[in-house]
Amino acid sequence: MITVETFDTLAAASSAMAGAGSGNRAGAGGSCYMGGGTLVMRAVNYGDGDFSRILRSRDPALLRIEPDGGGVFIGAGATMAAIAGHRETAFLAEAATAVGGPAIRNMATLGGNLFAPPPYGDLSTALLALDARVRTADGQETPMESFFARRRMTGPLVAGVTVPRPEPGVLRFRKVTRVRPKGVSVMAIAVRLPFRSGRLAGVRIAFGAMGPTPVRAKSAESALEGGGLEDARIARAAETLAHDLAPADDALASAWYRQAVAPVHLARLLRSAREG
């Protein structure tokens, strides 16, 4: 039997989760935190969850989308539909609308997307490329890359993310899928391409569904950094991807296929960015 407990604040839910011995979305301690329920309820329906207790919070702060310094704070309970439709997060609209169809986007939350296993987590891939920071219920912030490196560890529940606001046109996103318009990702690619004095500075390239979490392609970033988007430099960046990506086989594609086509899709995305 599964029990459901609802808390008025995220802090209270986080304390209850800590008492259960896990801060994960779906924890091994028999407890699970549920946001929109698109992944948790599927586990319940199919009987493949390792939990018997579901925790929820109706804290209104989880729904916030608002300016935060030079960026934007997005609450963990904000849905893909809310993110796609909010003027403060218009730069994330393409990545948010890549998640499922309208019914899923009305339920799927930012917090759930951060913990979604591959091949899910399209929005998280864009957040990684933007150097977003994860804010937890205790007020601490962690760089997205560090969060992904330890996201199965215990700790306070996620309250939201703070995202630096990119300049117009700097973020580019591409979802590769076998089924359109709302198929699951074979891979997702997000690139941040800021130019300073005619040269790229602060390049970020992130892939989803190419490892256990979204991952940066640092070798490809280095190949582009300090230059432009000439064909030779794009080709060099694409050639380096084998050093950064570790996809797995699944029902959508083999690891070999993902590795083989990743350079092609990255090159196409970079060329489209060059062409405006």
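Biologist: Which residue forms a salt bridge with R192?

Modeller: D131 does, and the closest N and O atoms are 3.3 Å apart. A salt bridge here is a side-chain nitrogen of Lys or Arg within 4 Å of a carboxyl oxygen of Asp or Glu. Keep in mind that this is a predicted model: local features need pLDDT of at least 70, side-chain atom pairs count only at pLDDT 80 or more, and totals for chains, interfaces and linings use all residues. Residues are numbered from 1 along each chain as its sequence is written, and side-chain values use heavy atoms, with hydrogens and water left out.

Biologist: Where do R192 and D131 lie?

Modeller: R192 is in strand β10 (residues 185-192). D131 is in the loop between α7 (122-129) and β6 (133-136), so the pair ties together parts 61 residues apart in sequence. Helices (H or I, at least four residues) and strands (E, at least two) are DSSP runs, numbered from the N terminus.

Biologist: Is R192 buried or exposed?

Modeller: R192 counts as buried, at 14% relative accessibility. D131 is partly exposed, at 29%. Buried means under 20% relative accessible area, exposed over 50%, and partly exposed in between (1.4 Å probe, protein chains only).

Biologist: How many salt bridges does the count come to?

Modeller: The count is 17. One of them joins E5 and R53, with the closest N and O atoms 2.7 Å apart. E5 sits in strand β1 (residues 3-7) and R53 in strand β3, 48 residues apart.

Biologist: What about D231, which side chain does it meet?

Modeller: D231 meets R274 in a salt bridge, 2.7 Å from N to O. D231 is in helix α10 (residues 231-239) and R274 in helix α11 (residues 255-274), so parts 43 residues apart in sequence are tied together. D231 is exposed at 51%, while R274 is partly exposed at 38%.

Biologist: New topic. What volume does the largest pocket have?

Modeller: About 860 Å³. On a 1 Å grid over the protein atoms alone, a pocket is an open set of points where a 1.4 Å probe fits, with protein on both sides within 12 Å along at least five of seven lines. Lining residues have an atom within 4 Å of a point. The volume is the space filled by probe spheres set on the points, which are joined across faces, edges and corners.

Biologist: Which lining residues are closest to its centre?

Modeller: G36, T38, A108, T109 and G112, out of 47 lining residues. The largest share of the lining, 4 residues, comes from α6.
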